[in-house]
Amino acid sequence: MINKQLVFVSITVLSLAACQPTEAPGPAITVIEGATVIDGISEMAIEDAVIVIEGERIQSLGSRESLSSGIPDGAQTINAAGKTIMPGIFNLHGHVGRTEGMERSPKYYTRQRIQRDANAYLYYGVTHMISLGLDWEPMTGFRADQRAGTTGGARLYTAGFGFSIKDGWISANPDLHRPTTPEEARQMVQEEVQKESDLIKIWVDDGRGTVPKVSPEIYGAIIDEAHKNGIKVLAHIYY
C-alpha cells in the first residue's frame, strides 16, 4: 500500500513540474570592448569604447567609464583594442558586375562578378549599395539569395533597367526603357514592379546638348506610376 502511494505522489509531482511554464532563454549578449568608435553622432571619437549587443541590436555604446552597469554576466566578449569601429557606409549610386580590369561592358555582367563586387564593397566598409539602372537577370537571383541569407557581401538594391528615351542618354544600350508616350512609360514602370525592383532610375540628361532630354510628360508619368506602387525614383540630372 505504501509503495502504491509513493508511486502516485511521484507521478503527481512530475505532472505538476511538466505544467510549469519554462522561461525562454533571452537573446545572446556580445560585448565588443577596447576599440575606438566613430558613432556618427558624437563630436569626438570614443576611446576605449564598450559596445553591448543583444541579439542583433546594439543596446548600449559608450566609453568604459560611462558604462555604469558594467559588462553583463555571461556575455561573450571580444577584445578590439587597437581597432576602429564606425557605422557601415551606404553607397547610393553605383553599378556592379560590369567591369573586368579596366574594361566596362555588359558582356562581363555575371553572377560571379556581382558577388565579387558585393564582397569588395563590404571589405571596404560599404554595407549597403544601390545599383542604378543597368542590371540584367543575374541580379534578381543574387538579390533573392541575399534576402534568404544564403550569400553575403554588401546588401544590394537594384533599379533594374533604367529609363531614358529614344536616342537619349546611353543610346548604345538597347536594354534601357525608352518610352515614347506617358502611357508607355507607365507600362514600363509596371515591368519593373513585376520584377520587384527596389527603385526606378531615370536619366534626365541631354549630355550637354548632345542627345534628346526626357520630357516632363514622360518623366512625370514614370514618377507618378512608381509612387503609386510605393517605389522611390532617383534621377541622373546634370543641371
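Biologist: In which sense do E1 and strand E4 pair, parallel or antiparallel?
Modeller: This is a predicted model, and E4 covers residues 76-79. Val-31 stands opposite Thr-77 in E4. There are 4 bridges between E1 and E4, and the sense is parallel.

Biologist: Which residue of E2 stands opposite Ile-29?
Modeller: Strand E2 spans residues 46-54. With E1 it pairs over 7 bridges, in the antiparallel sense. Opposite Ile-29 stands Glu-54.

Biologist: Over how many bridges do E1 and strand E5 pair?
Modeller: Strand E5 is made of residues 84-85. Thr-36 stands opposite Thr-84 there. E1 and E5 pair in the parallel sense, and the number of bridges is 2.

Biologist: How many residues of strand E1 are buried?
Modeller: Strand E1 runs over residues 29-37. Buried means under 20% relative accessible area. The strand is mostly covered, and the buried count is 8 of its 9 residues.

Biologist: What is the bridge partner of Phe-90 in E9?
Modeller: E6 and strand E9 (residues 126-131) run parallel, joined by 4 bridges. In E9, the partner of Phe-90 is His-128.

Biologist: Why does Ser-131 count as buried?
Modeller: Ser-131 is found in strand E9. Leaving aside neighbours within four places in sequence, its contacts include Gly-94, Met-139 and Tyr-157. Buried means under 20% relative accessible area. Ser-131 counts as buried because its value is 1%.

Biologist: How many charged residues are in the lining of the largest pocket?
Modeller: The largest pocket has a volume of about 240 Å³. Among the 15 residues that line the pocket, those closest to its centre are Arg-98, Arg-104, Leu-134, Ile-170 and Asn-173. By class, the lining has 7 nonpolar and 5 polar residues, and the charged ones number 3.

Notes: Residues are numbered from 1 along each chain as its sequence is written. This is a predicted model: local features need pLDDT of at least 70, side-chain atom pairs count only at pLDDT 80 or more; totals for chains, interfaces and linings use all residues. Side-chain values use heavy atoms; hydrogens and water are left out. Two strands pair if DSSP finds at least two bridges between them. Buried means under 20% relative accessible area, exposed over 50%, partly exposed in between (1.4 Å probe, protein chains only). Contact means heavy atoms within 4.5 Å. On a 1 Å grid over the protein atoms alone, a cavity is a set of points where a 1.4 Å probe fits but cannot get out, and a pocket is an open set with protein on both sides within 12 Å along at least five of seven lines; lining residues have an atom within 4 Å of a point. Grid points are joined across faces, edges and corners, and a volume is the space filled by probe spheres set on the points. Ala, Val, Leu, Ile, Met, Phe, Trp, Tyr, Cys and Pro count as nonpolar, Asp, Glu, Lys and Arg as charged, and the others, Gly among them, as polar.
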